[in-house]
Amino acid sequence: MSKLNNKIEAHDRSITEVLDDKKYTVDYFQREYKWEERHIEQLVSDLTSFFLNEYRPEHKRKDIET
C-alpha cells in the first residue's frame, strides 16, 4: 500500500462559491482553443443532466439555489 503525498480531494461547492469574487485566468496553451456552439451545447447538456439526476420534486427553491 502506497501513501500519496499529492492526493486530490473533492468537495462539493456551489457555483456562487466557485465564481464569487474570484479572478480566473486562461493558460497560454488554452488560448488557442475556440468554443463552438456544439461545445456550449454539450456543457449545458451535462450541467442539466447532473442537475436533473440530483433534483427531486419535493425540493424547495431554497434547497437547490446553492
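A: Helices (H or I, at least four residues) and strands (E, at least two) are DSSP runs, numbered from the N terminus. In this chain, D21 sits in the loop between helix 1 and helix 2. This is a predicted model, in which local features need pLDDT of at least 70 and side-chain atom pairs count only at pLDDT 80 or more, while totals for chains, interfaces and linings use all residues. Residues are numbered from 1 along each chain as its sequence is written, and side-chain values use heavy atoms, with hydrogens and water left out.

Q: How many helices and strands are there in the chain?

A: The chain has three helices and zero strands, and its elements follow the order α-α-α from the N terminus.

Q: What is the radius of gyration of the chain?

A: This radius is taken over C-alpha atoms, and the globule rule is 2.2 Å times the number of residues to the power 0.38. The chain has 17 Å, whereas a compact globule of 66 residues would have a value near 11 Å. Its C-alpha atoms fill a box of roughly 45 × 45 × 30 Å along the principal axes. As one example of spacing, E41 and K62 are 21 residues apart in sequence and 27 Å apart in space, C-alpha to C-alpha. E41 belongs to helix 2.

Q: What percentage of the 66 residues is buried?

A: Buried means under 20% relative accessible area, exposed over 50%, and partly exposed in between (1.4 Å probe, protein chains only). Buried residues account for 3% of the 66 residues. E41 is partly exposed because its relative accessible area is 46%.

Q: What is the phi of D21?

A: D21 has a positive phi of about 60°, although it is not a glycine. The residue counts as exposed because its relative accessible area is 80%.

Q: Which residue forms a salt bridge with R38?

A: A salt bridge is a side-chain nitrogen of Lys or Arg within 4 Å of a carboxyl oxygen of Asp or Glu. The whole structure holds one salt bridge. R38 pairs with E36, their closest N and O atoms being 3.4 Å apart. R38 is exposed because its relative accessible area is 55%, whereas E36, at 38%, is partly exposed.

Q: How many aromatic pairs does the count come to?

A: A pair of aromatic rings is described by the distance of the centres and the angle of the planes. Rings of Phe, Tyr and Trp (its six-membered ring) pair if their centres lie within 6.5 Å; planes under 30 degrees apart count as stacked, over 60 as edge-to-face and the rest as tilted. The count comes to one aromatic pair. F51 and Y55 form this stacked pair, at 5.5 Å centre to centre and 20° between the planes. F51 is partly exposed at 38% relative accessibility, and Y55 is partly exposed at 30%.

Q: Where is Y33 found?

A: Y33 lies in the loop between helix 1 (15-19) and helix 2 (37-54). The residue is partly exposed because its relative accessible area is 43%.
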